[in-house]
Structures are given as C-alpha cells and as structure tokens.
Amino acid sequence: MQTEGEYDLTTGAGLIACPRCDALHVERELEPGETARCVRCNTLLASPRAGAFTRIIALSFTSLVLMVGAVFFPFLEISRMGFGNQSSLFGVALAFSHGALMPLTVAVLGMIVGLPVLRALLLVYTLLPLSRNRAPYAHAVPAFRLSEALRPWSMAEIFVIGTAIALVKVAGLANISLGPAFWAFCGLIVVNAASNAFTSATTIWDAIEDAGMATDGREIVPESRA
Amino acid sequence: MNAPSDAPVLTAHRAGLAGCRGCGRVWPETETICSRCGGALVSPDRRCLNAVWAWLAAGFVFYIPANLFPMLKTSTFGGLRGNSEATILGGVVELMHYGNYGVAAIVFLASIVVPIGKFIAISWLALVAGRPATVRAAHKRLHLYEVVEFIGRWSMIDVFIVAILSALVQLGFVASIHPGPAAVSFALSVAFTMLSAQSFDPRLIWRGLPLRSRKDHE
C-alpha cells in the first residue's frame with residue numbers, strides 16, 4: 001500500500017500521467033470540490049465532488065424514466081389541409097427502413113435510445129455499491145470502461161437540436177404540435193449534462209480501486225479509511 | 001502550481017514508463033495492459049498515425065457520394081408540383097431561396113464547413129505530429145485537436161434532420177419526404193472521421209518539444 005506523496009520512478013507507483021500530454025504528476029488524494037489540472041496542458045485530471053456518486057445514480061435513474069416517456073409517448077405531429085401525420089421516436093428511426101438505408105435505422109436507434117440507456121445502466125451498476133462504501137460488483141471495471149468508450153457515440157442531445165432545426169424547416173409547410181416525448185427528450189439533455197458534469201473518470205477509477213478491487217497494492221488509501 | 005507553465009516537464013515516456021490514457025495510472029514500460037482499468041497501454045509513437053490516416057481516408061471516400069447523391073427526395077401534391085431531389089448543397093440553396101437563412105447557415109456549417117474543416121485539421125495534426133514544436137505551437141495543436149474531437153459528433157445532426165423530416169412529412173398527396181442514399185454515406189463519413197480523431201494520440205503533439213528549454217542551459 002502506498003502512502004501519499006511517495007513515488008517510485010522505476011515502477012511508476014504513486015504517479016499519474018496526463019492522458020493528453022503524458023506529463024507526470026505525483027498522485028494526491030483530493031478533497032471534494034478540489035480540481036486537479038495538468039501542469040503542462042491544463043487538461044482536467046480529477047475533480048471529485050461531494051456526493052457525486054449518489055447524484056450520478058439519481059440522474060441516471062431520472063434519464064431512464066424520461067427515456068421510457070420519450071420512446072412511448074407521441075413525439076411530433078403535423079397537419080395540413082386535412083392530412084395529418086404523427087410520429088413517435090421509433091417512427092423517426094424507421095424513416096430509414098427502406099432497402100439499403102436499413103442499417104442506418106439500427107444506428108440511429110442506437111445513438112439516440114440504446115446507448116444513452118446502456119450508459120445509464122452501466123453507471124448505476126458501477127456506482128451503486130461505491131456510493132454505499134461497499135466493494136464493487138463483479139466486472140465493474142469493464143462496465144465503466146465501456147461506458148466511457150461509448151460516451152462520444154451517445155447522441156441524444158444532438159438529436160434534440162436536430163429536431164429543433166427540422167421543425168423550423170417544416171414550420172412554413174404545415175402545422176406542428178410537439179408531443180410529450182419531445183419535452184421528455186429535452187429534459188433528458190439537461191439530466192445528461194448534469195450527470196456528465198459530476199462524472200470525473202479518474203475519481204471513479206480511484207473509488208473502484210479504494211473500494212477493494214483486486215489490485216497490486218499500489219492504491220493510495222485515504223487516511224480516514226486506512 | 002495549477003497554471004500551465006512553460007517549464008520542461010518529465011513525461012512518463014521519457015522516464016521509461018507507460019501512462020494509461022484511460023485512467024492515468026503509470027506502469028513500467030514492459031506492461032501492455034493497465035491493471036486498474038484494463039485499457040491497452042500504448043507508447044506515444046507515430047504508429048497510431050496509420051489508423052488515423054486509414055479512418056480519415058475512409059471518411060473522405062464516403063464524403064464524396066454524400067455530396068453527389070440526393071439527401072432528401074420531396075414530392076408535393078402527388079408529384080404535380082414537382083418531385084425534387086436535393087443534395088446537401090442543393091438543400092442549402094433551397095433553404096436560402098425560401099428565406100430560411102438561419103437554418104441554411106446551420107446546415108451549411110454542419111454538413112460542409114465542419115466536415116471539410118475536420119479533414120484538413122486531422123490531416124495537418126497527423127502531418128506535424130512528432131515534429132519539433134514550441135510550447136506555444138503545441139498548445140495551439142492541442143486546442144485544435146480538442147475542437148475537432150468536440151465538434152466531430154455534431155455533424156451527425158444532418159442525418160437526424162433527414163430522419164425527422166422523412167418520418168414527419170408523410171402527408172400523402174400534399175407532401176412527402178423520403179431519405180436519399182446520401183444519408184447513409186454521410187453518416188458513415190461522420191463515424192469514420194470520429195474514429196480517425198479518436199485514434200490520434202494527443203501525446204504525440206508534445207513529443208516534438210525539446211527536452212530542456214534554452215533557459216535551463218543559461
């Protein structure tokens with residue numbers, strides 16, 4: 001077990017490398033609210049926040065509830081000259097379901113519904129035991145790594161902005177009414193943004209390690225728990 | 001200590017160690033997998049550039065049909081008022097024609113300026129990677145990389161707009177919109193360019209920096 005401030009340049013124990021520029025830093029346990037930035041490129045290294053895990057879990061559950069609403073309620077409705085059409089979120093993805101465009105349906109559904117749901121579930125799975133100071137569940141490490149890898153591909157917020165632009169485009173052509181699913185989706189962006197603001201990958205890795213994951217004994221355990 | 005300084009910095013690579021890009025843990029250079037997060041440990045060398053170029057080429061190849069084929073097929077009044085097939089650029093021109101300058105600007109930005117800018121930016125970053133740089137130039141490159149990484153996914157907005165329009169505007173006789181083949185190639189182009197940006201190792205930007213700055217010798 002490592003004590004704070006001690007480091008070994010031959011094995012790398014007690015050191016942290018910046019993921020952006022590889023600069024070495026001496027690892028230190030941060031107090032909640034403190035922020036660590038790289039001395040060279042100013043990249044955020046860690047920013048633990050008090051109660052962050054509980055909040056991320058709560059926000060993940062919120063986003064799951066909102067997603068159920070977004071999927072099953074009507075999304076948008078337009079009408080003109082007695083002709084009307086309403087579309088759900090699935091309808092939007094199924095717009096590509098003809099012939100060669102078929103794979104795009106799967107991709108679009110994945111990016112706007114599948115991945116946000118999967119990420120919320122993975123975060124809950126990783127953080128639930130950690131927030132109660134228990135040992136992480138089995139496979140918490142690959143679960144959290146997958147969640148981080150999927151981050152850029154989860155595009156719910158881009159979809160909502162796209163909806164807004166499409167609506168401006170159609171506004172001159174027909175009457176549009178926004179369904180509850182649209183508002184659920186708008187709420188989803190706010191919730192996801194808040195969740196991302198609380199997520200500090202380094203802090204979660206430290207927590208998984210401190211909570212008793214099988215490691216090589218190089219973790220720094222805070223004095224309160226040691 | 002928290003402000004970025006210009007002083008030379010010891011990197012994990014120079015110290016003969018390998019830093020994990022996923023979680024920041026530092027390991028001896030002989031390790032290949034980070035025991036904390038399970039991520040692969042890769043030393044910051046120019047080998048990653050092969051993947052960058054390959055994904056970038058794939059993205060560029062798909063960007064060509066994305067511009068040549070129609071993105072949207074519109075028919076109004078059962079085809080009596082005309083069927084139109086709009087390419088990306090055609091759609092922008094059409095929007096300007098109807099006076100939707102704001103939307104036209106967004107679509108133009110998202111589907112033409114941003115993708116081409118990304119191709120140029122990634123090519124430039126890959127070309128100058130590992131070349132000698134001053135600290136200021138390195139900061140500029142990192143900033144450019146962060147912009148490319150952030151903005152890349154937003155190009156997908158075009159595909160979503162096409163999906164929403166074709167799902168919504170199905171008014172039978174009055175007007176209907178169908179997606180064109182360009183939607184798929186555009187989506188693939190965006191995905192490949194995202195992968196290209198992700199394969200680029202930003203640590204290469206800093207490899208070109210001199211080991212010691214001149215001030216140290218004086």
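Q: What share of the contacts in chain A with a separation of 6 or more is accounted for by residues 24 or more positions apart?
A: This is a predicted model, in which local features need pLDDT of at least 70 and side-chain atom pairs count only at pLDDT 80 or more, while totals for chains, interfaces and linings use all residues. Residues are numbered from 1 along each chain as its sequence is written, and chains are lettered from A and ligands numbered from 1 in the order in which they are written. Two residues are in contact if their C-beta atoms, placed from the backbone, lie within 7 Å. On that basis, the share for chain A is 61%.

Q: What pattern do the elements of chain A follow along the sequence?
A: Helices (H or I, at least four residues) and strands (E, at least two) are DSSP runs, numbered from the N terminus. Chain A has seven helices and seven strands. Read along the sequence, their pattern is β-β-β-β-α-β-β-α-α-α-α-β-α-α.

Q: Which element gives the largest share of the side of chain A that touches chain B?
A: In the interface, 59 residues of chain A are in contact with 58 residues of chain B. Elements giving two or more residues to this side of chain A include β1 (15-17), α3 (102-131) and α5 (156-171). With ten residues, the largest share comes from α5(A).

Q: How many nonpolar residues are on the side of chain A that touches chain B?
A: Ala, Val, Leu, Ile, Met, Phe, Trp, Tyr, Cys and Pro count as nonpolar, Asp, Glu, Lys and Arg as charged, and the others, Gly among them, as polar. This side of chain A has eleven polar and nine charged residues, and its nonpolar residues number 39.

Q: How are α4(A) and α7(A) oriented to each other, roughly parallel or roughly antiparallel?
A: Axes are lines fitted to C-alpha atoms, for helices over the stretch in contact, with angles running from 0 to 180 degrees between N-to-C directions. The axes of α4(A) and α7(A) come within 11 Å and cross at roughly 175°. Angles under 35 degrees count as roughly parallel, over 145 as roughly antiparallel, 65 to 115 as roughly perpendicular and the rest as oblique. The two helices, α4(A) and α7(A), are therefore roughly antiparallel.

Q: What distance separates the end C-alpha atoms of helix α6 of chain A?
A: The expected span of a helix is 1.5 Å times one less than its number of residues. For the 19 residues of α6(A) (residues 180-198), the span should be 27 Å, which agrees with the distance between the end C-alpha atoms, 27 Å.

Q: Which elements of chain A are included in what covers the buried residues of α6(A)?
A: A residue is buried if 20 or more other C-beta atoms, placed from the backbone, lie within 10 Å of its own, exposed if 12 or fewer, and partly exposed in between. The buried residues of α6(A) include Phe182(A), Phe185(A) and Leu188(A). Their cover includes α1 (52-72), β5, α2, α3, α5 and β7 (175-178).

Q: Is Leu89(B) buried or partly exposed?
A: Leu89(B) lies in helix α2 (residues 88-97) of chain B. Because 14 other C-beta atoms lie within 10 Å, Leu89(B) is partly exposed.

Q: What distance separates the centres of domain 1 and domain 2 of chain B?
A: An automatic or database domain assignment supplies the bounds. For chain B, it gives domain 1 (7-43) and domain 2 (45-211). Taken over C-alpha atoms, the separation of their centres is 33 Å.
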